Amino acid sequence: EAIRSIKPAHINEVKKLAKPSDIIKLVFDGVLILFQKSLNPVKQAKLLVKKKDLIFLEPSYNHAQKLMNDASFLKQLLEFGQVGKDNINDETIELMTPYMNLEHFNPAVAKSASAAAEGLCTWVRAMKFYCEASKIVKPKLESLAVATGQLETAQDNLAKAARRLDVCKQNLTEMQNKFDKTLREKAEIEAGASVLKKKMNQASS
């Protein structure tokens, strides 16, 4: 949502600034870091953020200008938010952390500089927090997926065992019926033989 709030006109507004405020430069440093773009060599500089002097790193705004001049810049931001965020590595987070720890690196301060800076600051912070949260959530989701797979396998094996048991019960019932039938036939034969024997005895007496 933060990126969708940024319009091409907002980016053009920033591009036209002869002397963009330092918070804008810092926000664009965050974008450059996420995109793994080139940064200026590390050099200390005195910046002015929210009317307060800040000793920090010299921004790489010259590289940010090249990024803004790319007509697909906003599209790249959207695509990164959808797919690229899952490829953020530890080195990127390490580079971003000093910026995140700055007291005034937040959307409210960025908003005072420009609408684009506000949206980008919100987006940069969200990407970092997403990466940190995914490190906690992703292993749990993976464990859940493994456990779910194991449960499905166990349920499948149980269903197969139940089907085998049903077949065994059916076979046992059929065998029992045959056995009972055989006993009845044997009893009938024995009864018939007994009657026949009695008749033969009566006839011979």
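Lysine 128, setting aside neighbours within four places in sequence, is in contact (heavy atoms within 4.5 Å) with Ile93, Met96, Thr97 and Met100. Lysine 128 belongs to helix α7, residues 115-204; helices are DSSP runs of H or I of at least four residues and strands are E runs of at least two, numbered from the N terminus. With a relative accessibility of 7%, lysine 128 counts as buried. Buried stands for under 20% relative accessible area, exposed for over 50%, and partly exposed for values in between, with a 1.4 Å probe and protein chains only.

The model is predicted: local features need pLDDT of at least 70 and side-chain atom pairs count only at pLDDT 80 or more, while totals for chains, interfaces and linings use all residues. Residues are numbered from 1 along each chain as its sequence is written, and side-chain values use heavy atoms, with hydrogens and water left out.

**The nonpolar core**

A nonpolar core is a set of buried Ala, Val, Leu, Ile, Met, Phe, Trp, Tyr and Cys residues joined through side-chain atoms within 4.5 Å. The largest one has 43 residues, of which Phe28, Val31, Phe73, Leu77, Phe105 and Trp123 touch the most other members. At least two residues of this core come from each of α1 (8-15), α2, β1, α3 (61-68), α4 (73-82), α5 (90-100), α6 (107-111) and α7. Helix α2 supplies the largest share, nine residues. Beyond residues up to four places away in sequence, tryptophan 123 touches Ala2, Ile3, Val31, Leu34, Phe35, Leu77, Phe80 and Gly81.

**The hairpin and the loops**

Strands β1 and β2 form a hairpin with two residues between them. Strand β2 covers residues 52-57 and runs antiparallel to β1, to which six bridges join it; strands pair if DSSP finds at least two bridges between them. Leucine 47 stands opposite leucine 54 in β2.

Most residues other than glycine have a negative phi. In the turn of the hairpin, lysine 50 has a positive phi of about 55°. Lysine 51, in the loop between β1 and β2, has a positive phi of about 65° and is exposed at 81% relative accessibility. Glutamine 36 lies in the loop between α2 and β1; its phi is positive, about 55°, and its relative accessibility of 52% makes it exposed.

**Salt bridges**

The structure holds five salt bridges, each defined by a side-chain nitrogen of Lys or Arg within 4 Å of a carboxyl oxygen of Asp or Glu. Among them are the following.

| Lysine | Partner | N to O distance |
|---|---|---|
| Lysine 25 | Aspartate 22 | 3.9 Å |
| Lysine 135 | Aspartate 90 | 2.3 Å |
| Lysine 186 | Glutamate 190 | 3.1 Å |

Lysine 135 lies in helix α7 and aspartate 90 in helix α5, so this pair ties together parts that are 45 residues apart in sequence. Lysine 25 and aspartate 22 are three residues apart in helix α2, and therefore about one helical turn separates them. Lysine 25 is partly exposed at 23% relative accessible area, whereas aspartate 22 is buried at 15%. Aspartate 22 is also in contact with Leu47, Leu48 and Val49, leaving aside its neighbours within four places in sequence. Lysine 186 and glutamate 190, four residues apart in helix α7, are likewise separated by about one helical turn. Lysine 186 is partly exposed at 46% relative accessibility, and glutamate 190 is partly exposed at 44%.
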